Amino acid sequence: MSSTEDLRADVEAIQRRVEKDSTVGLEYLDQLQRWAVDENPHVRYATLDIYIKLTADHPFQMQNHISAIISRLDDKDLSVRGAALHATYNLASWYPHHLG
């Protein structure tokens, strides 16, 4: 398996864990910003899906990630853009001055 495929498998495994317990995602905050711009759209989508859960459950911990999330709103992959929009929507009521 290539390193890209390994990363995809790792991020998707974390995504499944976060779905069950969002606090797991807090352990990966440092990596999320890097994964959000990965060349593989599956890695970017899984990362944004993690962000969706984290922005809903832990909005205060997401303040430093707003720019990483917003930067994906113009992603070439439609599913990544949709996930970025969902995460941005979750943050809009908490950080309107960052999104206005």
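1. Does Trp94 count as buried, exposed or partly exposed, and at what relative accessibility? Trp94 is partly exposed, at 41% relative accessibility. Here buried means under 20% relative accessible area, exposed over 50%, and partly exposed in between (1.4 Å probe, protein chains only).

2. This is a predicted model, in which local features need pLDDT of at least 70 and side-chain atom pairs count only at pLDDT 80 or more, while totals for chains, interfaces and linings use all residues. Residues are numbered from 1 along each chain as its sequence is written, and side-chain values use heavy atoms, leaving out hydrogens and water.

3. Rings of Phe, Tyr and Trp (its six-membered ring) pair if their centres lie within 6.5 Å; planes under 30 degrees apart count as stacked, over 60 as edge-to-face and the rest as tilted. This rule gives 2 aromatic pairs. One is tilted, because the ring centres of Tyr28 and Trp35 are 6.2 Å apart with the planes at 35 degrees. Tyr28 and Trp35 are both buried.

4. The pair of Phe60 and Trp94 is edge-to-face, with 4.8 Å from centre to centre and 75 degrees between the planes. Phe60 sits in the loop between helix 3 (41–57) and helix 4 (66–70), and Trp94 in the loop between helix 5 (78–92) and helix 6 (96–99), so the pair ties together parts 34 residues apart in sequence. Helices are DSSP runs (H or I, at least four residues), numbered from the N terminus. Phe60 is exposed, at a relative accessible area of 57%.

5. Lys20 belongs to helix 1 (residues 3–20) and is exposed at 78% relative accessibility.

Methods:
Helices (H or I, at least four residues) and strands (E, at least two) are DSSP runs, numbered from the N terminus.
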